[in-house]
Amino acid sequence: MSKHITVATLNLLNDMRRWEARRDLIVEGFQRIRPDLIALQEVVLPLNTAEWLAQMLGGYSVHLTPKTGARLSQREGIAILSRIPVRHTDWLDLGSQNRVAQASVVNVHDRSLLFVNSHLHWYPGDSSARFKQVQLLQNWLQHQQRQHPRSGVVICGDFN
């Protein structure tokens, strides 16, 4: 493995009306930059656009976290795609709008990396719900770092 890693994040947009036109462009873009870790938001379920993307790219494991709530957990989620072996995964219920965050721990050389993906509350302008989600995320990350000392942290996602 080289001395650096490449990460990417993309909101896939759960509106499937233009998926056929967009998906090949997404594959081409990721093939060009060949990220080691990819954070995806608005993964469509049960189709699982993250799994489809990983199959098209080849060599990625898929770590999916559906939204909470019975109805939404069947329709949408977030995912981490990794070309690096994943040692540990975890997720956090962010409460508002059934949003979630997820983390994967990977080894990069002699250190651990905590790779975090989130999709925060959507509302134009300031949002007390989004602020609470950020507080939850910060507390959870502190706990994650205690569980995985000496870990670097990369946070990706759609922060709205």
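Residues are numbered from 1 along each chain as its sequence is written. In this predicted model, local features need pLDDT of at least 70 and side-chain atom pairs count only at pLDDT 80 or more, while totals for chains, interfaces and linings use all residues; side-chain values use heavy atoms, without hydrogens and water.

**Helix α4**

Select residues 128–147, which form helix α4 (helices are DSSP runs of H or I with at least four residues, strands runs of E with at least two, numbered from the N terminus). Its 20 residues should span 28 Å at 1.5 Å a residue, the expected span being 1.5 Å times one less than the number of residues, and the end C-alpha atoms, 29 Å apart, agree with this. Colour Ala129, Arg130, Gln133, Leu137, Trp140, Leu141 and Gln144, which are buried (under 20% relative accessible area, with exposed meaning over 50% and partly exposed in between, for a 1.4 Å probe and protein chains only). Looking down the axis of α4, you will find its buried residues within an arc of 110°, so they line one face of the helix; the arc is that of the directions from the helix axis to the C-beta atoms. On the other side of α4 are the exposed residues Ser128, Phe131, Lys132 and Arg146.

**The aromatic pair**

Next select Trp19 and Trp52, both of which are buried. A search of the whole structure finds one aromatic pair (ring centres within 6.5 Å, using the six-membered ring of Trp among Phe, Tyr and Trp; planes under 30 degrees apart count as stacked, over 60 as edge-to-face and the rest as tilted). The ring centres of Trp19 and Trp52 are 5.6 Å apart and their planes lie at 75°, so this pair is edge-to-face. Because Trp19 lies in helix α1 and Trp52 in helix α2 (residues 49–57), the pair ties together parts that are 33 residues apart in sequence.

**Ile26**

Stay in helix α1 (residues 19–33) and select Ile26, which is buried, with a relative accessible area of 11%. Leaving aside neighbours within four places in sequence, Ile26 is in contact (heavy atoms within 4.5 Å) with Leu10, Leu12, Trp19 and Leu53.
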